[in-house]
Amino acid sequence: MSFTLAPLPYAHDALEPHIDTTTMQIHHGKHHQAYVDNLNKAVAGTPNEGKPLADLVAAAGSISPAVRNNGGGHWNHTFFWESLAANAGGAPSGALADAINAAFGSFDAFKEKFAQAGMTRFGSGWAWLIVKDGKLEVSSTPNQDNPLMDIADVKGAPILGADVWEHAYYLKYQNRRADYLAAFWNVVNWNKVAERFAAVK
Ligand code: MN
């Protein structure tokens, strides 16, 4: 069974004006599709063919760069689309809000730390909010790696991620990654993040 690209969980224009329609069309339909296609090519006829994506990601250190990069790309982007929603943003509530306050001092302090992780990731990569040993932490990974990979510097269960590769923001924000990361908060689906937090806590 080969990997397939799921449709976006909302319309391409659902995240306007924060993430523009054309970026969503290209990012999902071209970039994410390419990860899926290249992952299928990379595993075809190898012992990794037919393995679940989570197993490939967990074993990133011992699989080929093509499977690591495209498998990570497929996993990360699927996670990213589900992290966002129309008419979203605002602030988390309940147990997640309490955990953010406990770990970072305040929601604003968390947002600053997350944005800093995205800003200081040189080139392409991701900023993450993860659960590690029962506590929340902010981390970042290069390229299409993620915190579930055995080779990650900081390992944990991601509950929120922001793609900081230029293809995620260049059409609208050009070189202004900080503006993109500021706009990102307007489309975060905190209900989904809270659901993930409850599941891994
Ligand atoms: Mn991307």
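1. Donors are the N, O and S atoms that lie within 2.8 Å of a metal (3.2 Å for Na, K and Ca), and since water is not among the atoms, sites may look incomplete. With that in mind, the manganese ion has as its protein donors His27 (NE2), His77 (NE2), Asp163 (OD) and His167 (NE2), which lie 1.9 to 2.1 Å from the ion. Along the sequence these donor residues follow the spacing H-x49-H-x85-D-x3-H. His77 belongs to helix 3 (residues 65-83), while His167 sits in the loop between strand 3 (157-163) and helix 6 (170-173), so the pair ties together parts that are 90 residues apart in sequence. Helices (H or I, at least four residues) and strands (E, at least two) are here DSSP runs, numbered from the N terminus. Both of these histidines, His77 and His167, are buried, where buried means under 20% relative accessible area, exposed means over 50%, and partly exposed is what falls in between (1.4 Å probe, protein chains only).

2. Before going further, please keep in mind that this is a predicted model, in which local features need pLDDT of at least 70 and side-chain atom pairs count only at pLDDT 80 or more, whereas totals for chains, interfaces and linings use all residues. Residues are numbered from 1 along each chain as its sequence is written, and side-chain values use heavy atoms, with hydrogens and water left out.

3. On the overall fold, the protein chain contains 8 helices and 3 strands, and reading along the sequence gives the pattern α-α-α-α-α-β-β-β-α-α-α. For 201 residues a compact globule would have a radius of gyration near 17 Å, and the 16 Å of the protein chain agrees with this; the radius is taken over C-alpha atoms, and the globule rule is 2.2 Å times the number of residues to the power 0.38. The C-alpha trace spans about 50 × 40 × 30 Å along its principal axes.

4. Of the 201 residues, 47% count as buried, and the accessible surface of the protein chain comes to about 9300 Å², of which 52% belongs to carbon and sulfur atoms. Such areas come from the Shrake-Rupley method with a 1.4 Å probe, and for residues only the protein chains shown count as cover. Among the contacts with a separation of 6 or more, 68% are made by residues 24 or more positions apart, a contact being heavy atoms within 4.5 Å.

5. Strand 1 (residues 125-132) and strand 2 (residues 135-142) run antiparallel and are joined by 8 bridges; two strands pair if DSSP finds at least two bridges between them. Val131 stands opposite Leu136 in strand 2. The two strands form a hairpin with 2 residues between them, and Asp133 in the turn has a positive phi of about 50°. Asp133 counts as exposed, at 73% relative accessibility. By contrast, Ser139 in strand 2 is buried, with a relative accessible area of 5%, and the residues that Ser139 touches, leaving aside those up to four places away in sequence, include Ala117, Trp126, Pro147 and Val154.

6. The structure holds 19 aromatic pairs. Rings of Phe, Tyr and Trp (its six-membered ring) pair if their centres lie within 6.5 Å, and planes under 30 degrees apart count as stacked, over 60 as edge-to-face and the rest as tilted. The rings of Phe110 and Trp185 have centres 5.6 Å apart and planes at 70°, so this pair is edge-to-face. Phe110 lies in helix 5 (residues 107-119) and Trp185 in the loop between helix 7 (177-184) and helix 8 (190-200), so the pair ties together parts that are 75 residues apart in sequence. Phe110 is buried at 0% relative accessibility, and Trp185 is buried too, at 10%. The rings of Tyr173 and Tyr180 have centres 6.2 Å apart and planes at 55°, so that pair is tilted; Tyr173 counts as buried at 9% relative accessibility, as does Tyr180 at 1%.

7. Two details of the backbone deserve a look. A cis peptide bond, with omega about 0°, joins Glu16 and Pro17, and Pro17 is found in the segment before helix 1 (21-43). Asn87, although not a glycine, has a positive phi of about 50°; Asn87 lies in the loop between helix 3 and helix 4 (94-104) and counts as exposed, at 84% relative accessibility.
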